[in-house]
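Here are my notes on the model, point by point.

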Amino acid sequence: MAMQESVARELRMYGVNAVRAVFAQRPEALRKLWLSEERVDAMRDVLKWCASHRVGYRIVPDDDLRKLAASSHHEGVVADVVRAPMPRLEDWLSTRPAGRDCALWLDGVGNPHNLGAILRSAAHFGVGALLIPRDSDLQVSGAAARVAEGGAEAVTLVRLPAADRALSMLRDAGYATAATLVDGGDDLFALDLPQRLVYVMGAEQSGMDRGLAASCDLRASIPGTGAVESLNVASATAVLLAAWARNI
């Protein structure tokens with residue numbers, strides 16, 4: 001069994017698709033469930049599983065759900081779940097099959113709604129993992145899981161070692177790295193993208209670290225009209241992944 005970084009902690013998750021994705025992939029991760037009367041029929045299979053495995057659940061009014069989720073976007077379902085473990089890069093690489101594969105290295109991404117949108121796009125295009133820098137505290141939040149609409153359970157978060165070591169390990173495993181730049185990179189749509197690719201995504205405001213960008217194998221920019229400075233990181237991710245999928 002691959003070594004994991006640490007014992008998983010619990011996460012308060014909300015939203016129908018987010019909670020159902022946990023139930024579909026990791027039902028044993030459910031610790032407690034709250035739902036509205038209106039959601040009972042739609043969640044009856046989950047409630048049956050909870051009852052048979054002694055997982056507590058309660059039917060509560062909307063005000064309680066809003067307080068539990070700290071959000072009005074709970075969609076009538078809130079759950080406490082155990083976080084998925086975050087493997088180290090070497091352990092994740094040891095599980096990857098040969099052939100086409102794509103991952104996203106998140107260099108400074110922190111906004112939970114952007115993370116959720118990235119997870120949703122990553123799940124849609126079959127991305128193998130989100131690679132998280134070793135000094136980053138980025139993790140899936142309730143808001144990110146809801147925005148991801150189930151994508152948080154389909155994409156693994158992986159902990160990176162130091163950047164130079166991570167780049168070396170990825171190259172040894174056959175992956176090329178592509179720095180994604182607002183400007184100064186090659187036209188994304190003119191690039192011959194490799195089958196095994198890691199896009200390196202920068203922070204929402206400051207972009208990616210220039211030293212890291214210089215160390216990557218490719219540097220790519222998304223061409224546009226110039227009417228706005230750039231796409232936000234979540235929108236850019238969807239475009240980048242579509243370009244990779246189209247090139248294969």
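1. Two strands are taken to pair if DSSP finds at least two bridges between them. The model is predicted. By that criterion there is an open sheet of seven strands, with parallel pairing and the order S7-S6-S5-S10-S8-S11-S9. Its edge strands are S7 (156–159) and S9 (186–187), and each of these pairs on one side only.

2. S8 pairs with S11 in the parallel sense over three bridges. Ala-178 stands opposite Leu-218 in S11, and Thr-180 has Ala-220 in S11 as its bridge partner. Strand S9 also pairs with S11 in the parallel sense, here over two bridges. Asp-186 stands opposite Ala-220 in S11, the residue that is also the bridge partner of Thr-180.

3. Helix H7 spans residues 163–172, and Ala-166, Leu-167, Met-169 and Leu-170 are buried in it. Seen down the axis of H7, the buried residues fall within an arc of 165°, so they line one face of the helix. The face turned away from that buried side carries Asp-164 and Asp-172, both exposed. Just after the helix, Gly-174 takes a positive phi of about 90°.

4. What do the buried residues of H7 pack against? Their partners include four strands of the sheet, listed here with their ranges: S5 (101–107), S6 (129–132), S8 (176–180) and S10 (196–202). They also pack against two helices, H4 (89–93) and H8 (210–215).

5. A separate open sheet has four strands in the order S1-S4-S2-S3, and its pairing is mixed. The edge strands are S1 (10–14) and S3 (56–59), each pairing on one side only. From one strand to the next, the twist averages 10°.

6. Trp-34 has Val-78 in S4 as its bridge partner. Helix H1 (residues 16–25) lies across S1, S2 and S4, and runs at about 130° to S1.

7. In soluble globular proteins, nonpolar side chains tend to be buried together. In this model the largest nonpolar core has 56 residues. Leu-30, Leu-104, Leu-106, Leu-119, Leu-130 and Tyr-199 are the residues with the most contacts inside that core. Helix H9 (residues 233–247) supplies the largest share of the core, six residues. Another core, of 22 residues, lies apart from it; among its members are Trp-92, Val-158, Leu-170 and Leu-212. Leu-170 is also one of the buried residues of H7.

8. Leu-130 gives a view of the packing. Leaving out residues up to four places away in sequence, Leu-130 touches, among others, Leu-104, Leu-106 and Leu-119. Its other contacts include Leu-115, Ile-118, Ala-122, Val-155 and Leu-157.

9. Is His-74 buried or exposed? His-74 sits in the loop between helix H3 (62–69) and S4. At 4% relative accessibility it counts as buried, because the cut-off for buried is under 20%. A polar contact of 3.1 Å joins the side chains of His-74 and Asp-62. The side chain of His-74 also reaches the backbone nitrogen of Gly-76, at 2.8 Å. Not counting residues up to four places away in sequence, His-74 touches Tyr-14, Gly-15, Asp-62, Leu-65, Arg-66 and Ala-69.

10. Arg-9 lies in the segment before S1. At 53% relative accessibility Arg-9 counts as exposed, because exposed means over 50%. The side chain of Arg-9 makes a polar contact of 2.8 Å with that of Gln-139. Arg-9 also touches Val-81, Val-82 and Arg-83, in a list that leaves out residues up to four places away in sequence. Between Arg-9 and Gly-185, which are 176 residues apart along the chain, the C-alpha separation is 39 Å.

How values were computed: Residues are numbered from 1 along each chain as its sequence is written. This is a predicted model: local features need pLDDT of at least 70, side-chain atom pairs count only at pLDDT 80 or more; totals for chains, interfaces and linings use all residues. Side-chain values use heavy atoms; hydrogens and water are left out. Buried means under 20% relative accessible area, exposed over 50%, partly exposed in between (1.4 Å probe, protein chains only). The arc is that of the directions from the helix axis to the C-beta atoms. Contact means heavy atoms within 4.5 Å. Axes are lines fitted to C-alpha atoms, for helices over the stretch in contact, and angles run from 0 to 180 degrees between N-to-C directions. A nonpolar core is a set of buried Ala, Val, Leu, Ile, Met, Phe, Trp, Tyr and Cys residues joined through side-chain atoms within 4.5 Å. A polar contact is a pair of N or O atoms within 3.5 Å; within protein, one must be able to donate a hydrogen and the other to accept it, and residues adjacent in sequence count only if both atoms are side-chain atoms.
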